[in-house]
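Thank you for making time for this. I would like to take us through the charged pairs and then the parts of the fold that they join, so please keep the sequence and the model in view.

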Amino acid sequence: MRIAVPSFSPGGLKARVCPHFGHAEVVTVVDVEGSRPVKVEVVDCRGQHYGYARRPAEVLATLSVDAVAVKGLGVKALEWLKQSGVKVFRVEADNVEEAVAQVVQGRASEVSAEEACIGGGGLEAQAYSCLLYTSPSPR
C-alpha cells in the first residue's frame, strides 16, 4: 500500500502532520508492506495556497498513491482524490509514522464530504468550521 501524508518540512516519518492538506509544504509518501514502512519519499506539494498553479491533489495523482492520511482537507480536494480512486482517511496522529500506522491498523476512518472543510478565508479563518482541524497552526 502507498500512503501519502501532508506534512511539514523536511518531511519523513518523524515529520509533523500538516493540519490541512492544501496548506502542506511537502507530502511524505510511505510504501508499506504488511504493517511495516519499506520506502519513504518526500515530495514538494506546494500548490495554489503558495502561489503555484497546480493543486496538491494534482501532485498526488502523479505519485500513484492508494490512500491519503489527513487531519483536514477541503471538499474539492476530497472529491478530486476520490474520483481518482484514492481513499482519504482521517487521522489524529501527530507525526507521519503514527498516521500511517493508524491507516494500516484500521484505526482511521474514511472522510465523508460532510466532514470536509468549507472553502474561503484561509486556514486561520476556517479553524473552527473545519471539523477535521485538530491542532493549532505551527506559527
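A search of the whole structure finds 4 salt bridges, where a salt bridge is a side-chain nitrogen of Lys or Arg within 4 Å of a carboxyl oxygen of Asp or Glu. Before the pairs themselves, a word on the source: this is a predicted model, in which local features need pLDDT of at least 70 and side-chain atom pairs count only at pLDDT 80 or more, while totals for chains, interfaces and linings use all residues. Residues are numbered from 1 along each chain as its sequence is written, and side-chain values use heavy atoms, with hydrogens and water left out.

One of the salt bridges brings together the side chains of D31 and R2, at 2.9 Å from N to O. Since D31 belongs to strand β2 and R2 to strand β1, the pair ties together parts that are 29 residues apart in sequence; strands (E, at least two residues) and helices (H or I, at least four) are DSSP runs, numbered from the N terminus. Both D31 and R2 are buried, that is, under 20% relative accessible area, with exposed meaning over 50% and partly exposed in between (1.4 Å probe, protein chains only). R2 and D31 are also linked with E41 in a network of salt bridges.

A second pair to look at is K14 with E97, whose closest N and O atoms are 2.5 Å apart. K14 sits in the loop between β1 and β2 and E97 in helix α3, so this pair ties together parts that are 83 residues apart in sequence. Here K14 is exposed, with a relative accessible area of 63%, and E97 is partly exposed, at 32%.

Let me turn to the strand that carries R2. All 6 of the 6 residues of β1 (residues 2–7) are buried, so the strand is largely enclosed by the rest of the structure. β1 pairs with β2 (residues 26–33) in the antiparallel sense over 6 bridges, two strands counting as paired if DSSP finds at least two bridges between them, and P6 stands opposite V27 in β2. With β4 (residues 67–70), β1 runs parallel, joined by 2 bridges.

Finally, the helix that carries E97. In α3 (residues 96–104), V96, A99, V100, Q102 and V103 are buried. At the start of α3, a side-chain oxygen of N95 reaches to within 3.1 Å of the backbone nitrogen of E97.

Notes:
Polar contact = N/O pair within 3.5 Å; in protein donor to acceptor, adjacent residues only side chain to side chain.
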